[in-house]
Amino acid sequence: MLVLGIETSCDETAAAIVEDGKTVWSDVVASQIAVHSPYGGVVPELASRQHVQAILVVIQQALERARLSRHQLDAIAVTRGPGLVGALLVGLGAAKAMAYALGIPLIAVNHLEGHMHAAFMGRDPLGRPFACLVVSGGHSALYLVDGEGRGELLGCTRDDAAGEAFDKVAKLLGLGYPGGVAIDRLARQGNRRAFSFPRALMEKGSLDFSFSGLKTSVATFVRKHGPPPERGQAGAYRLEDLVASFQEAVVDVLVKKIIRAAQARQVTDVAVVGGVAANGRLRELLIEETAGNRLHLHLPEPRYCTDNAVMIAAAGYHAWKRQGFCQDPLEVDAVSRWT
Ligand code: KG4
Ligand code: ZN
């Protein structure tokens, strides 16, 4: 089954063709970084306009790179939410029009379920049930996922998402957008033990997260010690050390929680997905700690961690196998929140 996946929930316009939820024929992502970076974050109206300009080009490229004609597609999977409604509507509109014109099924996909399916793209089969940590710009949550595509929410953030914490701290330190990648890169030259930031582990046994206190601690640090010195210049502290110490506090909590979840629910397989799962230090610590705790780690390739359409096509294929396709595809609407 050849499924065209379409993703436009935030600031990437993406299309991909995936066979049977596993074999990637093409994978196209058009990033909007250059458009949003002067504003220090995603501007929803600009995102929608960029999606309008890019969507048909990106879909066409996905077909060309796969050397397929649109008439060879078996179904179209598209992100329905959660995300920016104006942005989602562009992908959804294109998907509906194509599905209608080609007379093929449309599958509406939950973006977070998409992220989870990135874990299935590796060679290693996932043992079920498994604990899954989803860490993106809008979400930080832990799920217990069983064999039939059902997930039980084990814990989630009580305030900021992990990616949001990276983005807000990057903005505070003048590192621009997108913040996570900038911090990841700079932290490699810093000392992660230079400063001690709080790790909110919450009450005993809790699988919830909280990152807003950590963000406030970084702001307090900057108020006390002054704005970060220019790179290479002497100052009260090194920016590299500050970001490495902040990153370590985030990563430390994420790793502890996924291990705590696996132990509490006695599972041997764990997966970590979403944009923050591309973080170099998080990947390094996850590999070390899961090995030490005899857990089997599933970590998608970095390009399948951040937003892409391969994961949407894969999730769409599995949803289709499980529950069939939308009966009335033209009635599907975009949703900003979707639990
Ligand atoms: O999954 P994603 O691409 O989009 C959402 O669904 O939100 O995640 C984007 C988030 C952003 O907050 C971004 O700063 C963060 O993931 N991110 C990273 C890295 N790459 C992306 N955070 C830390 N380190 C990275 N390398
Ligand atoms: Zn995402």
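Reader: How are the donor residues of the zinc ion (ligand 2) spaced in sequence?

Author: Donors are N, O and S atoms within 2.8 Å of the metal (3.2 Å for Na, K and Ca), and since water is not among the atoms, sites may look incomplete. Here the spacing is H-x3-H-x191-D, and the zinc ion is coordinated by His111 (NE2), His115 (NE2) and Asp307 (OD) at 2.0 to 2.1 Å. Histidine 115 belongs to helix H4 (residues 111-117), whereas aspartate 307 sits in the loop between helix H10 (302-305) and helix H11 (310-323), so the pair ties together parts that are 192 residues apart in sequence; helices are DSSP runs of H or I with at least four residues, numbered from the N terminus.

Author: This is a predicted model, in which local features need pLDDT of at least 70 and side-chain atom pairs count only at pLDDT 80 or more, while totals for chains, interfaces and linings use all residues. Residues are numbered from 1 along each chain as its sequence is written, ligands are numbered from 1 in the order in which they are written, and side-chain values use heavy atoms, with hydrogens and water left out.

Reader: Is histidine 115 buried or exposed?

Author: Buried means under 20% relative accessible area and exposed over 50%, with a 1.4 Å probe and protein chains only. Histidine 115 is buried at 1%, and aspartate 307 is buried at 15%.

Definitions and conventions. Helices (H or I, at least four residues) and strands (E, at least two) are DSSP runs, numbered from the N terminus.
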